[in-house]
Amino acid sequence: MVVLAASIISKSGKALVSRQFVDMSRIRIEGYLAAFPKLVGIGKQHTYIETENVRYVYQPIESLYLLLVTNKQSNILEDLETLRLLSKLVPEYSYSLDEEGIGRTAFEILFAFDEVISLGHKENLTVAQVKQYGEMESHEEKLHKLVLQSKINETKDVMKRKASEIDKSKIEKNRGEKGGFMSLQSMSSRIESGFGSENSISSTGGGFGGGSGFGVSTEVESFASKPKGRAPASASAPSKGLGMQLGKTQRANQFLESLKAEGEVIVEDVRPTSIGQTKAAAPLPIDPVTLTVEEKLNVTLRHDGGIGNFDLQGTLSLQILNQEDGLIQVQIETGGNPGILFKTHPNINKELYSGENILGLKDPNRPFPAGQGDGVSLLKWRMQSADESLVPLSINCWPSVSGNETYVNLEYEASSMFVLKNVVISIPLPALREAPKVQQIDGEWRYDSRNSILEWSIVLIDNSNCSGSMEFVIPAVDPSDLFPISVSFTSTSTFSDLKVVTILPLKGGNLPKFSQRTLLSTETYQVV
């Protein structure tokens, strides 16, 4: 038995993960993988396909294929046993069996493939052994981490010592400034006693510059005691807590006043507000556990009536911030819609879910992963139908040509089961020189001249406005040019009516706080 390659590919033949165990060129293995989807028959129960050169042994895993490429002389029974072991390993490393989930854990899956297959031959291992070998501790790694942690601790100690030295230097600097003020005060008193108050350095007109704004200002006077009998200075004293500054003199103020009297506009200096005074916006609170129920609609309606396609896909995802909150189970309830087919993740205990509607891992000692941005998908569901009454929003378009103009009447009818938000109905138009003439509308409209699209917007549709209309006029066109009409909206109601009842902690203790988000949105919603 020789396994040439073990791969995970999409149903279109795109290789997500591929590990070659013999010397093969990239072009050759890509050719094998690209040819595989064309060889798979529809409705066949076989798990292998033989060609002239190789044999494909495969197993579907949700929307992907787990594929072994072997030579034709290999033992098919051993190949199937290898495939079975790999199919158990893939869900252990990837919680989401789609292209994004496989890509996120590609290296872990490759390492597991290397443990199972060596030089094309299967090793006699179990799933537990493969996981143990993959997580095996290394003495050199431990030693490296200890050395690295000691360096980090040493750097933190140096930072603390530097911070304390900076604080001490700031305290000494403040003390020195206070001492300088005292010496300045004594110097001012000595100058005043020696030369008299008229030539004092603290007066406005004396010192270095007379009446100019570049002399030593009156800040010295604020620190020095005024002599008895001295006239007060003409400039006002500075505010408390300011150091020496360059202020406007009385002569400059008189000059500005004269300019204002002549009608000149004078812009006064405005002291800028400190950046530190601007209060930062408080971050939005995030709960430790968040469960998101999301459904996406793919609907195609016919403009002459009827429904072409109705496909609903939903997911229940779990997002955990801290690993210590991962040992939980989720109690849910559904609306009992018989047309919806639910499917749990391979690692979820199916017996517990089918019996008690509780979503929990097969291994109760294993926590849910934390810190993943999009969360972990616990449950998926799908509904397909040809019943037009299930459609949340129906659109009727009635174009009529009259002379050189086309009158277009649009009407929407909403289901009473949903409250729709941010509804936008986009009608394609031929290239126009001017915007269309909107004669009547329930809501608002906007014309995108670059893309030649008329958008009809309704903020909220509920029981008070479950129907509405719009009428506009454009130059004469072929009515088929007004299609397809695209629709987008969101809602907090879902078809599954799935709700999270509570969170069950497995290790006891306090119940972690959780929040639930519900969203129904459109992926493609068109009238053709």
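Author: V424 is partly exposed in this predicted model, because its relative accessible area is 21%, and a residue counts as buried only under 20%. The residue is found in strand β16, which covers residues 420-428. For E455, the C-alpha atom is separated from that of V424 by 6.4 Å, although the two residues are 31 apart along the chain.

The wider setting may be described next. The chain has 23 strands and nine helices. Among its contacts with a separation of 6 or more, 68% are between residues 24 or more positions apart. Of the 528 residues, 34% count as buried. The accessible surface of the chain comes to about 32,100 Å², and carbon and sulfur atoms account for 52% of this area.

The largest pocket remains to be described. Its volume is about 900 Å³. A total of 24 residues line the largest pocket, and Q313, G314, T315, K380 and W381 lie nearest its centre. At least two lining residues come from each of the strands β8 (289-301), β9 (307-320), β11 (341-344), β13 (376-384) and β23 (514-527). By class, the lining comprises ten charged, ten polar and four nonpolar residues.

Conventions
Residues are numbered from 1 along each chain as its sequence is written. This is a predicted model: local features need pLDDT of at least 70, side-chain atom pairs count only at pLDDT 80 or more; totals for chains, interfaces and linings use all residues. Side-chain values use heavy atoms; hydrogens and water are left out. On a 1 Å grid over the protein atoms alone, a cavity is a set of points where a 1.4 Å probe fits but cannot get out, and a pocket is an open set with protein on both sides within 12 Å along at least five of seven lines; lining residues have an atom within 4 Å of a point. Grid points are joined across faces, edges and corners, and a volume is the space filled by probe spheres set on the points. Helices (H or I, at least four residues) and strands (E, at least two) are DSSP runs, numbered from the N terminus. Ala, Val, Leu, Ile, Met, Phe, Trp, Tyr, Cys and Pro count as nonpolar, Asp, Glu, Lys and Arg as charged, and the others, Gly among them, as polar. Buried means under 20% relative accessible area, exposed over 50%, partly exposed in between (1.4 Å probe, protein chains only). Contact means heavy atoms within 4.5 Å. Accessible areas come from the Shrake-Rupley method with a 1.4 Å probe; for residues, only the protein chains shown count as cover.
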